[in-house]
Amino acid sequence: EDPWALCKELPEEYEIACARYQPELMRSILGFSTEEIARECMAAGEVVLQEHCVSKLGFEAAWENFESADGAFAFCDSLFSGVAQSQCVTAAAKEFVFQEFPDWEEKSATLCDTLSPTEQAECFRVRQQTIEQYGRAL
């Protein structure tokens, strides 16, 4: 069945939260692998669900590879291409800042630097916004 059915039935204001938690439910309840979850992210059918599902996997990329920007990039790169890969990498960079992982300043910038110029600009914008929002000092 459609693992997104519940999210699609919720009022719009709950869709983002649902999309962020759905990958974990796919893993714990449905037994999906990370690769299967990534495929489901791309098949969500709604942009909001897809983007926030991909972002959730970007957060996981940071958590699973907090010692290595290269590892976080490889995680995203192995699951996605194009815009989704950029969304995943940007979310990972954001998570490095938010969690203040060791050397977050360098690692989040390194992640943004892996992207094309246009995507890089968006990644650095999100990074800076997160730095300011959470009072992180460079």
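**Exercise 1.** Which residues does serine 108 touch, not counting residues up to four places away in sequence?

*Solution.* Keep in mind that we're working with a predicted model.
- Start by finding serine 108: its place is in helix H7.
- Next, look at what's around it. Leaving out residues up to four places away in sequence, serine 108 touches Ala93, Phe96, Val97 and Arg127.

**Exercise 2.** Work out whether serine 108 is buried or exposed.

*Solution.* 
- Check the relative accessible area of serine 108: it is 0%.
- Buried means under 20%, so serine 108 counts as buried.

**Exercise 3.** Check the span of helix H8 (residues 117–133) against what its residue count leads you to expect.

*Solution.* 
- Helix H8 has 17 residues, and at 1.5 Å a residue it should span 24 Å.
- The end C-alpha atoms of H8 are 24 Å apart, so the two values agree.

**Exercise 4.** Sort out which residues of H8 are buried and what they pack against.

*Solution.* 
- The buried ones in H8 are Cys123, Val126, Arg127, Thr130 and Ile131.
- They cover an arc of only 140 degrees around the axis, so they sit on the same side of H8.
- As for partners, the buried residues of H8 pack against helix H6 (82–99) and helix H7 (104–113).

Conventions
Residues are numbered from 1 along each chain as its sequence is written. This is a predicted model: local features need pLDDT of at least 70, side-chain atom pairs count only at pLDDT 80 or more; totals for chains, interfaces and linings use all residues. Side-chain values use heavy atoms; hydrogens and water are left out. Helices (H or I, at least four residues) and strands (E, at least two) are DSSP runs, numbered from the N terminus. The expected span of a helix is 1.5 Å times one less than its number of residues. Buried means under 20% relative accessible area, exposed over 50%, partly exposed in between (1.4 Å probe, protein chains only). The arc is that of the directions from the helix axis to the C-beta atoms. Contact means heavy atoms within 4.5 Å.
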